[in-house]
Amino acid sequence: MTHSLMMPPPGLIDPVPVPRPAADEGAARLDLLGRSRGDIAALFAEAGLDARQARLRSRQVFHWIYHRGETDFEAMTDIAKAMRPWLAERFVVGRPHVVESQHSRDGTRKWLLQTADGHDFEMVFIPDADRGTLCVSSQVGCTLNCRFCHTGTMRLVRNLTAAEIVGQVMLARDALGEWPRGNGTMAGLDTDESAGHYTSDGRLLTNIVMMGMGEPLYNFDNVRDALNVIMDGDGLALSKRRITLSTSGVVPMMQRCGEEIGVNLAVSLHAVTKEVRDEIVPLNRKYGIDELLRACAAYPGASNARRITFEYVMLRDKNDSDDDARELVRLLRAYKLPAKVNLIPFNPWPGAPYECSSPERVKRFSEIVFAAGISAPVRTPRGRDIDAACGQLRTAAEKRSRAERDRAALAAA
Ligand code: SAH
Ligand code: SF4
């Protein structure tokens, strides 16, 4: 505490207490979470290391942070012993604050997280037999107001920083206990890695989808910087082939997304006529279907081996007719798109203006698209019981009081 420093000694004439800015060390230290190797080197140089030392130390620290999941400089054993307190005095390696975590009956996990300035956001982990997918948020809320999406009804919107985005992946790996073991030196790690020595849980987090809260292409710089850290081969090393970015159709940013990030693209198409898409994805009034599909056809890196996913939410009597399915096929063919279609049963939320199509309707729609030679699986909703399914993310915090959350957190501890 800094109170004693703020208390003026007796007899002092000047009555205004002036707190010493560096008194709270925690606040003064810089958080390295989410920073690239280059950024870390620049910070080390600013703090006084010469260029060579800054580069070397940033390489080591980067590896410890993102490959090992280490947050304690003292445990970074290949860094000179005398150097570690120097780092600890100036820097920290943080994590987003967890408000609450929930487990679904189907194994899906959802975390309610909080930024340092008090905004809530969520991430979801979806385990499958052959993969584990982390659904990552890019914004608190969303400005786009798609009519079927609960996130779009949130009032508060703020972009997440690169640290808050990377932090979700770090936190998930903490929670899954999946940092590699080993003696900690970089050389030692390589042999560990090739032998596949992970903790007993095995490799659980294999894929990332930017499909949580928010429109990632409205927060382009932070999403790009975060994903580039996540893909760095010296750190988390997730392949761009295992990362998918979903956009509602921010056409002007799609080319740059392919060039500067290079991950798989998913597009929330959801309708095949101007009238219906204008209604359910209002961004369509700005960037229409033709413009959107042209941008998809030009997406860097898309090929038959790396198809673009077209997401299509099934809304009863809105976009789910046989004609809609046939028009979808026609459009994808007309633009010669290397496409697969993902049919998403609509996940309801209180007050939603739509209902989900019947299972028979979804099946029939899928069959029409399949018959045209385009893959069109129906996505099984996951984590519905904890409101973790697509479009259900809208922080519980908006519905529950702080006291209720504190009680739940205590009970979960
Ligand atoms: N903003 C981006 C990514 C986040 S939304 C986008 O719109 O693509 C992730 C996916 O969930 C999108 O395809 C979105 O349309 C879908 N979605 C939103 N609300 C839904 C709901 N209630 N039921 C099913 N899918 C929904
Ligand atoms: Fe935003 Fe995507 Fe929801 Fe639309 S579907 S409101 S773009 S998060």
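I call a residue buried under 20% relative accessible area, exposed over 50% and partly exposed in between (1.4 Å probe, protein chains only). This is a predicted model, so local features need pLDDT of at least 70 and side-chain atom pairs count only at pLDDT 80 or more, while totals for chains, interfaces and linings use all residues. Residues are numbered from 1 along each chain as its sequence is written, chains are lettered from A and ligands numbered from 1 in the order in which they are written, and side-chain values use heavy atoms, with hydrogens and water left out.

**Entry: salt bridges.** I took a salt bridge as a side-chain nitrogen of Lys or Arg within 4 Å of a carboxyl oxygen of Asp or Glu. By that rule I found 26. I looked up D174 and R95: their closest N and O atoms are 2.7 Å apart. D174 sits in helix α6 (residues 162–176) and R95 in the loop between β2 (91–92) and β3 (97–103), 79 residues away in the chain. Helices (H or I, at least four residues) and strands (E, at least two) are DSSP runs, numbered from the N terminus. D174 has a relative accessible area of 31%, so I list D174 as partly exposed. R95, at 22%, is partly exposed too.

Next I checked R37 and D232, which pair at 2.8 Å, N to O. R37 belongs to helix α3 (residues 37–46) and D232 to the loop between α8 and β10, so this bridge ties together parts 195 residues apart in sequence. R37 is partly exposed at 26%. D232 is buried at 17%.

**Entry: L227.** Is L227 buried or exposed? Its relative accessibility is 0%, so L227 is buried. L227 lies in helix α8 (residues 220–231). Beyond neighbours within four places in sequence, L227 contacts M210, I243, L245, I261 and V263 (contact means heavy atoms within 4.5 Å).

**Entry: ligand 1.** I counted 21 residues around ligand 1, the closest being F148, G214, S246, S268 and H270; the cut-off is a heavy atom within 4 Å. Polar side-chain atoms of S268 and of H270 each come to 2.6 Å from an oxygen atom of ligand 1. For E311 the distance to a ligand oxygen is 3.1 Å. β10 (243–247), β12 (308–314) and β13 (339–345) each give two or more residues to the shell.

**Entry: whole protein.** I noted 14 helices and 13 strands. Of the 413 residues, 50% are buried.

Note on methods
Polar contact = N/O pair within 3.5 Å; in protein donor to acceptor, adjacent residues only side chain to side chain.
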